[in-house]
Amino acid sequence: MFPEADTIKTARKRANWSQRDLAEHADVHIQTVKYWERQDGSIAGYAVDRFEEAFEEIGISLSDILWDEQEARREAFRRNQPTQKYRPSLCGAQTRRGRPCRNEPFSNGRCKFHGGISTGPKTQAGRDRIAAAQRKRWAKAE
């Protein structure tokens, strides 16, 4: 399981380190720390491994922090008060290649290409217009 960008920031604050301190302990440039803390969702890479090693030297486990954050989100969801962080950061619908869609979702969890924005036609005239457009499209394909 890969850590999330927020996990790095949380661990850094638990260690009472600045971004510069983390960069020195992980032997990376400070811009690297800033870059990885700005990311969304799960992160992985050489620098992230260095961060994890630096935190483990002082007894802070990123996997424990990640687990605690996920438990807090689950508990908030159980209380029917979802936090902003609970919203998925990826659409996740299956693409034609069989991979999950990586677009930003709307509040219903899907992107604009997978049902996140369109509600479809509401009137009979709208349904007729869509049907005509589909017939025209399929006539071109033949």
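This is a predicted model: local features need pLDDT of at least 70, side-chain atom pairs count only at pLDDT 80 or more; totals for chains, interfaces and linings use all residues.

Colleague: Which residues touch the most other members of the largest nonpolar core?

Modeller: In general, nonpolar side chains tend to be buried together in soluble globular proteins. Here the largest core has 21 residues, and Leu 22, Val 28, Phe 51 and Phe 55 touch the most other members. Helix 1 (5-14), helix 2 (19-26), helix 3 (30-38), helix 4 (46-57) and helix 5 (62-78) each give two or more residues to this core. Helix 4 gives the most, with five residues.

Colleague: What does Phe 51 touch?

Modeller: Leaving out residues up to four places away in sequence, Phe 51 touches Ile 8, Leu 22, Ala 26, Val 28, Thr 32, Val 33 and Trp 36.

Colleague: Now the helices. How do I read which side of one faces in?

Modeller: An α-helix has 3.6 residues a turn, so residues three or four places apart point the same way. Take helix 2, where the buried residues are Leu 22, Ala 23 and Ala 26. Looking down the axis of helix 2, you'd see its buried residues fall within an arc of 100 degrees, so they line one face. Those buried residues pack against helix 1, helix 3 and helix 4.

Colleague: And which exposed residues sit on the face of helix 2 turned away from its buried side?

Modeller: That face carries Arg 20 and Glu 24. Have a look just after helix 2 as well: Asp 27 takes a positive phi of about 60 degrees.

Colleague: How many aromatic pairs does the structure hold?

Modeller: Two. To read a pair, check the angle between the ring planes: under 30 degrees counts as stacked, over 60 as edge-to-face. Trp 17 and Phe 55 have ring centres 5.5 Å apart and planes at 20 degrees, so they're stacked. Trp 17 lies in the loop between helix 1 and helix 2, and Phe 55 in helix 4, so this pair ties together parts 38 residues apart in sequence. Both Trp 17 and Phe 55 are buried. Tyr 35 and Trp 36 form an edge-to-face pair, at 5.1 Å centre to centre with 80 degrees between the planes.

Colleague: Is Trp 36 buried or exposed?

Modeller: Trp 36 has 16% relative accessibility, so it counts as buried. Tyr 35, at 40%, counts as partly exposed.

Colleague: Where does the charged end of Arg 137 sit?

Modeller: Over the ring of Trp 138, 5.4 Å from its centre.

Technical notes:
Residues are numbered from 1 along each chain as its sequence is written. Side-chain values use heavy atoms; hydrogens and water are left out. A nonpolar core is a set of buried Ala, Val, Leu, Ile, Met, Phe, Trp, Tyr and Cys residues joined through side-chain atoms within 4.5 Å. Buried means under 20% relative accessible area, exposed over 50%, partly exposed in between (1.4 Å probe, protein chains only). Helices (H or I, at least four residues) and strands (E, at least two) are DSSP runs, numbered from the N terminus. Contact means heavy atoms within 4.5 Å. Rings of Phe, Tyr and Trp (its six-membered ring) pair if their centres lie within 6.5 Å; planes under 30 degrees apart count as stacked, over 60 as edge-to-face and the rest as tilted. A charge sits over a ring if NZ of Lys or CZ of Arg is within 6 Å of the ring centre and within 35 degrees of the ring normal. The arc is that of the directions from the helix axis to the C-beta atoms.
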